[in-house]
Every structure is written in structure tokens, then in C-alpha cells.
Amino acid sequence: MVVTVTDQTTVKESILAKIRAVELPAAPHPLSDGLLADAIEFTDSVATFVHSAETVGACVHQCISQQVSEIWEEICKTHGPGLTAHVSIDGLVDNDLKEDGPHSAAELVVFGTSGALGVAENGAIWVSDEKIHHRVSLCLTQHLVLVIYAKSIVSNMHQAYAELQNVREDYGVFISGPSKTADIEQSLVIGAHGARTLDIIIVEE
Amino acid sequence: MGTGHPAAARAFVDNRERAHWHDTALWFVREKRDKQAASLPEWETLRETASAIKLHTQTQLAEYLLEFESEAAANGCVVHWAETTSELNKIVTELLQSVNAKDVVKSKSMLTEECHLNEHLAKHGIDVVDTDLGERIVQMRKERPSHIVLPAIHTKKEEVGELFHDQLGTEKGATDPQYLTEAARQHLREKFLNADAAITGVNFAIAETGGIVVCTNEGNADIGVSLPQMHIACMGMEKLIPKLSDLSVFTRLLARSATGQSITTYTSHFHKPRRGGELHIVILNNGRTELRAEPEIREALHCIRCGACMNTCPVYRRSGGHSYNTTVPGPIGSVLNPAMDPKEHNSLPFACSLCGSCSDVCPVQIPLHHQLLTIRHSVKEAGGLARSKRLAMRLAAMVFKRPWLYKLSAGLGKFAVRLTPRFIKYSRLNVWGKGREMPPTPRGSFRKWYQKNGGNRD
């Protein structure tokens with residue numbers, strides 16, 4: 001590398017010096033505890049979540065924990081033959097991709113895993129790559145299945161990030177619906193680069 | 001003014017049907033934004049809070065940048081600093097060369113557009129493919145994005161169909177967005193799987209945790225960076241926010257303001273590279289410290305690049321993004337560009353009716369129309385006003401300062417307008433009359449009407 005450590009240190013110090021040369025009047029951070037007072041809360045956050053998720057194109061299944069594996073099998077059958085993998089789904093023995101390279105995920109037809117929480121206001125589910133061998137599986141699979149517990153659904157993003165405090169997953173993502181684009185004349189098309197469909201299984205304990 | 005925005009907008013404006021179509025498409029997005037804003041009772045509180053977080057960050061920018069760097073390093077990422085765009089280009093080139101990368105995928109990043117990174121890398125034999133569908137379309141058309149969130153909003157599906165027929169072999173005459181998107185999916189999947197490295201922009205960088213957040217609907221950033229060994233994220237220093245929980249405020253505002261979605265499909269938080277990979281973060285200044293030093297322009301650095309000001313701007317909607325000749329067009333572009341390079345962009349603050357709609361929709365409350373007015377003053381002070389405009393303004397000032405003269409000229413003007421032949425009235429001297437008709441002159445005057453119907457004062 002031609003950019004030497006000294007070069008970088010000089011650039012950094014000069015940028016910081018330019019910033020420090022202009023002292024701005026103090027302005028406190030507006031949120032002391034990270035939460036916004038009066039943020040919208042829903043009386044039935046599960047119902048709101050279902051509505052939000054369906055609005056963004058997800059297919060929602062509500063069931064009890066004993067039914068999860070059956071629904072998973074059904075979804076896999078619907079999407080036809082091909083490679084499937086799943087991680088951290090209650091009632092199912094993990095069956096993740098084993099190959100070293102992440103490119104193996106390109107063959108995935110269905111991938112399933114669990115999300116830590118769901119957000120009612122926008123239908124998003126938080127998923128991290130903690131247990132997943134290749135994080136790209138979440139996006140590169142043709143069809144994605146996410147399982148969440150009904151009790152883990154919060155109303156809004158403030159509550160969601162409050163739950164995620166102190167969590168520094170290598171990679172974590174809020175996924176809201178299947179991948180989409182409207183880049184051609186504002187026409188909504190489901191299935192851009194990521195998963196073409198999203199099935200959400202809400203487990204009601 | 002014979003050059004600048006009016007000249008660049010002429011061709012677009014002349015095609016009335018197309019200009020109207022463009023106007024309608026963007027207004028549609030603006031209306032979706034309105035619905036989302038109205039759905040949250042706390043919308044204004046959110047905007048205020050977002051603005052206050054950004055302001056707070058600017059007051060302690062150096063400390064937060066250092067915190068970000070050390071936290072990112074602790075996560076196993078490498079932070080690089082670039083004063084200028086050419087420094088950023090150099091850093092990225094050398095990083096890519098270090099892994100012998102030839103084919104690179106990039107997800108949307110206005111910052112790399114600002115740096116003309118693609119062109120620079122091409123000179124070094126590195127091929128960059130833009131993977132956001134809209135960006136891919138403009139890249140294939142050898143254009144630049146005309147909008148920061150909807151890069152191909154100026155393009156019709158017939159044109160995309162023809163482009164894809166020529167370059168991707170889709171059926172001739174096919175214009176169905178579903179079909180064309182599928183073709184792009186297949187084409188770009190191959191690019192993803194064969195990429196040697198990936199470049200992304202950054203929506204938010206978290207000082208507290210050293211992580212970066214990238215928002216997309218297509219999933220192109222997540223796929224792009226998770227396959228090859230190297231991920232390079234390029235960010236302007238204004239992308240920094242203090243805490244992880246601050247994201248709750250910004251993720252609620254960004255997509256609602258941008259496209260009228262409640263959140264983007266993927267809001268991806270990268271704290272560590274993929275297993276066995278490396279993650280480099282390049283922080284760029286390029287004039288941002290100078291903007292920060294300008295009290296009246298400073299707040300433009302709060303911008304989260306949602307594009308809401310463009311969607312609502314009556315000038316942008318009717319003149320198209322390319323007429324601004326900048327990476328970031330529209331109201332925010334008309335502030336940022338002249339502030340950084342006043343000579344090159346001095347017509348932009350005048351591409352504005354001062355209606356103030358941009359300030360009203362801005363999710364971080366940037367007082368855009370006030371800033372545009374401020375920049376107009378600096379353009380005038382620097383002698384950047386056209387002669388015709390200078391003279392007209394001086395004349396108007398003379399008249400408005402003297403009530404008797406105003407009364408006289410208003411009375412005379414009425415007759416003059418009515419009696420002057422068209423060829424003089426709409427001559428080249430009347431720039432305002434281009435493509436516009438003067439309103440019919442009223443019989444009476446407001447002064448007379450007011451004396452009769454209104455108050456007791458003269």
C-alpha cells in the first residue's frame with residue numbers, strides 16, 4: 001500500500017484540526033434515555049404488525065410453537081424442489097449451509113431463521129448473523145422465512161433499539177418485506193435482488 | 001441568465017408532455033410521503049429531535065469521529081481519512097489493488113458520485129458495476145443520476161426496454177417493469193457472484209458502536225458486500241450519529257420522507273466484516289469542514305439524503321435533475337453546490353421560487369429556502385448577478401422606495417402593458433415572458449379598492 005501510516009495520520013489530524021478550529025455553541029443531545037416521549041404505541045401490536053408486514057408484501061402465518069415445523073415444510077413445498085436451509089428455528093434441527101464459501105448460498109431456494117424482534121409500525125424484523133454460517137443467505141436465497149414470537153413484537157423503532165442496546169452483532173438487519181424496487185417508472189416490483197418472497201411465522205406461545 | 005440552470009433546463013422544459021409526466025411522477029412520491037407523515041402524531045417531534053441530534057453531533061464532531069474510529073477498529077474494521085475526493089479515490093484504488101480486484105460491485109452511494117470514483121477506477125483497469133436498478137439504468141445510459149433516491153426517475157419504461165434489449169438481450173419492445181426488473185436481477189446476480197470486491201455508501205455511522213448502516217430496498221448492498229472478501233464503505237463525515245438508539249429517530253424519518261415507505265426493506269447494520277473478509281471505511285471531508293464553519297449554511301450538513309425536497313420542489317419537478325449539473329440536485333443541491341463552488345453553480349439558488357415547501361418537508365428541518373436566499377445575497381455580493389437582473393432590481397428598488405413614483409408608474413404601467421405590441425412585450429429583454437403570458441391588467445388598482453372598501457389609512 002502506498003498510503004503510508006504517516007500520510008493517514010497527517011490527513012486525519014488536519015481534518016480534526018479544521019473541525020476544532022470552529023467551536024460551535026453547545027447543544028445537548030435531545031434524548032437522554034434514547035426514547036422519544038409520545039411515540040406511537042398500539043394496543044394490539046401483533047395485529048398492527050401483521051397489517052404492516054402484509055402491506056410491504058410479506059405473507060404472515062400465525063400459529064403455536066408445535067405447528068412451526070409443519071408450516072416450514074409447507075412453505076418449502078410451495079416454493080418447489082431445491083436447496084433449503086434453516087437455522088435457529090424452534091422444533092427444527094439446524095440445517096445450515098456447510099460449504100466454506102458464501103457463494104454456495106446462490107443455490108438456496110428457501111432459507112429460514114428466527115428474528116429477535118418485530119416492529120409493529122413498519123413490519124420489520126431484526127435478524128442477526130450470529131448463528132448463520134453465511135450472512136448472505138438472508139438475501140441471496142430465492143425465498144426467505146422468518147420466525148418470531150408474538151411476545152417479541154414491539155410498537156415502534158424506539159422500543160426496538162432499546163431492546164437492541166448493548167447488542168453489537170457482526171451484522172444485523174431489519175428486514176421489512178421481500179426485496180423490491182420501483183426504479184422503472186415508479187412501478188412497484190417485488191423481487192429485486194434479494195428474496196422474492198418473505199413468509200413470516202408468528203408463534204403465539 | 002444565458003447559462004447555468006435555465007439553459008440546462010431548456011430542452012427538458014420544451015418537451016411539455018414529458019415535463020408534465022416527470023412532475024406528476026414526483027408529486028405522486030410527495031403524496032405518499034404526506035400520508036406517512038400524517039400517520040404519526042409525533043412527526044414534528046421526530047423532525048425536531050433529528051435536527052437536534054445532528055446539531056449536537058456537529059458540536060462534538062471531532063470527538064465523535066475519534067470515538068467512531070476507535071470503536072470500528074475494535075470491531076476489526078479499518079478507518080481511512082480523505083481530505084479531498086482525489087485522496088478518497090486513491091485510497092479506494094490502492095485497497096482494491098491490494099486484493100487484485102478487477103470487477104467491483106457498488107451499491108448506491110452519492111458520495112462516490114461526488115468523487116467520480118467509477119471513472120477514476122476505470123482508468124486503473126477496475127470495472128465498477130452499479131447494482132441499484134435505477135443506478136444501473138443510468139450507468140448503462142452513460143448518464144448521471146437525476147435524483148438521489150430515484151436515480152432513473154427521468155427515464156421512461158420504453159427507454160429502459162430498448163436499453164435492456166440492446167445490452168441485456170431482452171425482447172424487443174418489452175416494457176413491463178416486472179419483466180425488465182427480472183432481467184436486471186439475472187444480469188446483476190452474475191455480477192454479484194463474480195465480484196472481487198464491493199463498495200457501498202453509508203447512511204449512518206454510529207460513533208458509540210463503530211458500526212455503519214446502509215439502507216436499501218433491493219438488497220443489493222447486503223448481497224454485494226457479503227460475497228467478496230473486501231467491502232469498502234465510503235462516507236462523508238456528516239453521516240455520523242452519536243448513539244445506536246439515535247437510529248430509531250432516523251430510520252423512522254428516512255424512508256417515510258424519501259419514498260413514503262414506513263422503513264426501507266433492508267436496514268443493514270455492519271459492525272464486522274463477513275467471516276474471513278475485511279471491511280474498510282473511508283471518511284471524506286471535501287469541503288464539509290468549510291460548510292460547518294458557515295453559520296447560515298451549516299445545517300445543510302444535517303441532510304440525510306432522502307430527496308423529499310426534490311419531490312416537492314416545483315422547479316425540480318418541472319426542470320428535471322440533470323438541469324442542475326451536479327451530483328446532488330434540487331433544493332439541497334442548490335445550497336450545497338454553490339456553497340462549495342460559488343462560481344460554477346451561481347445560477348442554482350435562483351432555480352427556486354422561495355415557496356418554502358422544501359423546508360416544510362425536510363425531515364431534519366434544514367431551513368433550505370432561507371439558505372437559498374442567503375446564497376443569493378452572496379452571489380450578488382460576488383458580482384454574480386446577470387446585468388439585466390441587476391438593472392431591473394435597482395430600478396424596482398428605486399420605485400418601491402418612493403410611494404409617489406410607485407403610484408405613478410403603476411398607473412402608467414397598466415396602460416403601457418395594455419398598449420405595447422406583443423413583439424416588444426415578449427422581446428428577448430423580457431426573460432420572464434419566455435413561455436409565459438403576462439396576466440391581464442386590471443381596470444382599477446388595489447390602492448383605489450382599498451381606499452373604497454378597506455381601512456381608513458391612505
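## Terms and model

Two residues are counted as in contact if their C-beta atoms, placed from the backbone, lie within 7 Å. This is a predicted model, in which local features need pLDDT of at least 70 and side-chain atom pairs count only at pLDDT 80 or more, while totals for chains, interfaces and linings use all residues. Residues are numbered from 1 along each chain as its sequence is written, and chains are lettered from A and ligands numbered from 1 in the order in which they are written.

## The side of chain A

The contact draws 66 residues from chain A and 75 residues from chain B. Among the elements of chain A that give two or more residues to this side are helix H1 (5-21), helix H5 (157-164) and strand S8 (171-175), where helices (H or I, at least four residues) and strands (E, at least two) are DSSP runs numbered from the N terminus. H1(A) gives the most, with nine residues.

## Strands across the contact

S8(A) pairs with strand S9 (residues 266-270) of chain B in the antiparallel sense, over five bridges; two strands pair if DSSP finds at least two bridges between them. The bridge partner of A:Ile175 in S9(B) is B:Tyr266.

## Helices across the contact

H5(A) packs with helix H12 (residues 246-258) of chain B at an angle of about 145 degrees, with their axes 8 Å apart; axes are lines fitted to C-alpha atoms, for helices over the stretch in contact, and angles run from 0 to 180 degrees between N-to-C directions.

Here A:Met157, A:His158, A:Ala160 and A:Tyr161 of H5(A) meet B:Leu247, B:Ser248, B:Thr251 and B:Arg252 of H12(B).
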